[in-house]
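This report goes through the strands, the helices and a few single residues of one structure. Keep the sequence and the model in view while reading.

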Amino acid sequence: MARGSPTDKDCEMTVALALRNVSKSFGAIRIAGGIELDIRENEAVGILGPNGAGKTTILGLITGTLGLDAGRIEFYGRDLQRLSTEQRCRLGIARAYQVPQPFGDMTVFENLMVGACFGAGQTMAAAQVRCLDILEACGLSSLANAHAGGLTLLNRKRLELARALATKPKILLLDEIAGGLTQHEYDELVALIRKANASGVTIVWIEHVLHALLSVVSRALVLYQGQFIADGDPRDVIRDPKVAEVYMGIETDA
Ligand SMILES: Nc1ncnc2c1ncn2[C@@H]1O[C@H](COP(=O)(O)OP(=O)(O)O)[C@@H](O)[C@H]1O
Ligand SMILES: [Mg+2]
């Protein structure tokens with residue numbers, strides 16, 4: 001093969017998201033101390049770490065709701081530094097919040113339309129078709145005209161995921177979406193995440209409910225004191241003595 005030609009392996013290893021020497025502190029609390037991380041296209045990666053380690057903050061740095069102190073974040077090789085959250089969403093970065101953040105005064109369907117029209121830049125007609133499909137897939141069809149502010153926790157979580165999917169994400173950043181739900185309830189959300197991953201969406205999922213996480217991700221990272229102290233096969237990572245030492249209180253019924 002000619003020098004410089006991409007091999008099959010190179011093609012498989014397209015990096016979707018790259019953190020380069022990323023640093024972030026809040027006062028004396030160091031969230032990221034020169035983090036280096038590559039997440040490959042179509043990977044499903046879990047992020048673990050004790051409460052307060054900075055997992056949610058890392059998602060904020062990626063989506064741009066929080067600024068970096070130093071370093072660089074790239075999405076398919078493009079430096080995100082100067083891009084707004086909206087621009088990052090248009091590139092294909094979607095986030096589902098730990099505490100669902102619906103537009104409470106809008107209906108469920110309108111919430112999805114905001115994602116599809118403004119997040120993905122779709123025309124109204126195309127957005128409507130897409131949103132109806134997503135409503136159906138997420139079990140929200142019967143609630144299309146319901147006020148988003150009045151939904152139950154499960155339906156708010158469904159909507160959070162549905163609205164993120166409506167933005168046509170290339171990467172889906174999920175923050176503890178299983179918390180507060182019964183196993184039966186989050187099994188349904190897990191199935192949706194697996195389906196998104198199977199259709200090519202890269203997944204980065206912060207989750208304490210280990211068996212939900214392990215049924216989706218093939219790689220786990222553990223954030224502690226500003227660094228990822230473990231990175232690899234999830235079952236090896238959770239057995240890692242370093243991880244056991246720092247990460248107590250995890251649900252271990254996997
Ligand atoms: N905007 C902020 N300003 C100041 N401190 C913050 C802010 N956001 C988070 N923190 C602090 O940073 C630490 C990490 O928070 P967070 O990212 O929410 O952790 P995790 O998601 O791992 O539980 C916590 O101590 C939290 O109180
Ligand atoms: Mg958090």
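Strands E1 and E4 (residues 70-75) run antiparallel and are joined by five bridges. In this pair, Ala18 has Glu74 of E4 as its bridge partner. Helices (H or I, at least four residues) and strands (E, at least two) are DSSP runs, numbered from the N terminus. Two strands count as paired if DSSP finds at least two bridges between them.

This is a predicted model, in which local features need pLDDT of at least 70 and side-chain atom pairs count only at pLDDT 80 or more, while totals for chains, interfaces and linings use all residues. Residues are numbered from 1 along each chain as its sequence is written, and chains are lettered from A and ligands numbered from 1 in the order in which they are written.

Lys24 has Ala32 of E2 as its bridge partner. The hairpin of E1 and E2 has two residues between the strands, and in it Gly27 takes a positive phi near 55°.

Together, four strands form an open sheet in the order E2-E1-E4-E5, with antiparallel pairing. E2 and E5 (78-79) are at the edges and have a single partner strand each, so one side of each is left without a neighbour in the sheet. Helix H2 packs on this sheet, where it touches E1, E2 and E4, and its direction makes about 120° with that of E1. Such angles run from 0 to 180 degrees between N-to-C directions, and axes are lines fitted to C-alpha atoms, for helices over the stretch in contact. Two residues are in contact if their C-beta atoms, placed from the backbone, lie within 7 Å.

**The sheet of six strands**

Another open sheet has six strands in the order E6-E7-E8-E3-E9-E10, with mixed pairing. Its edge strands are E6 (93-96) and E10 (227-232), each of which pairs on one side only. From one strand to the next, the twist averages 20°. Strands of a sheet pair through backbone hydrogen bonds, either parallel or antiparallel. E7 (residues 171-175) and E8 (residues 202-206) run parallel and are joined by five bridges. In this pair, Leu174 stands opposite Trp205 of E8.

**Helices**

Which residues of H2 are buried? In H2 (residues 55-63) they are Lys55, Ile58, Leu59, Leu61 and Ile62. They lie on the same side of H2, because they cover an arc of only 155° around the axis; the arc is that of the directions from the helix axis to the C-beta atoms. A residue is buried if 20 or more other C-beta atoms lie within 10 Å of its own, exposed if 12 or fewer, and partly exposed in between. H2 lies across E3 (44-48), E6, E7, E8 and E9 (219-224), running at about 150° to E7. After H2 comes Gly64, whose phi is positive, near 95°.

H6 lies across E6 and E7 and runs at about 175° to E6. H5 (residues 124-137) and H6 (residues 153-166) pack at an angle of about 145°, with their axes 10 Å apart. The contact is made by Arg130, Cys131, Ile134 and Leu135 of H5 with Ala162, Leu165 and Ala166 of H6. These residues divide into six nonpolar, no polar and one charged. Ala, Val, Leu, Ile, Met, Phe, Trp, Tyr, Cys and Pro count as nonpolar, Asp, Glu, Lys and Arg as charged, and the others, Gly among them, as polar.

**Residues in loops**

Most residues other than glycine have a negative phi.

Asp69 has its place in the loop between H2 and E4. Leaving aside neighbours within four places in sequence, Asp69 is in contact with Ser23, Lys24 and Ser25. The C-alpha atoms of Asp69 and Gly34 are separated by 10.0 Å, and the two residues are 35 residues apart along the chain.
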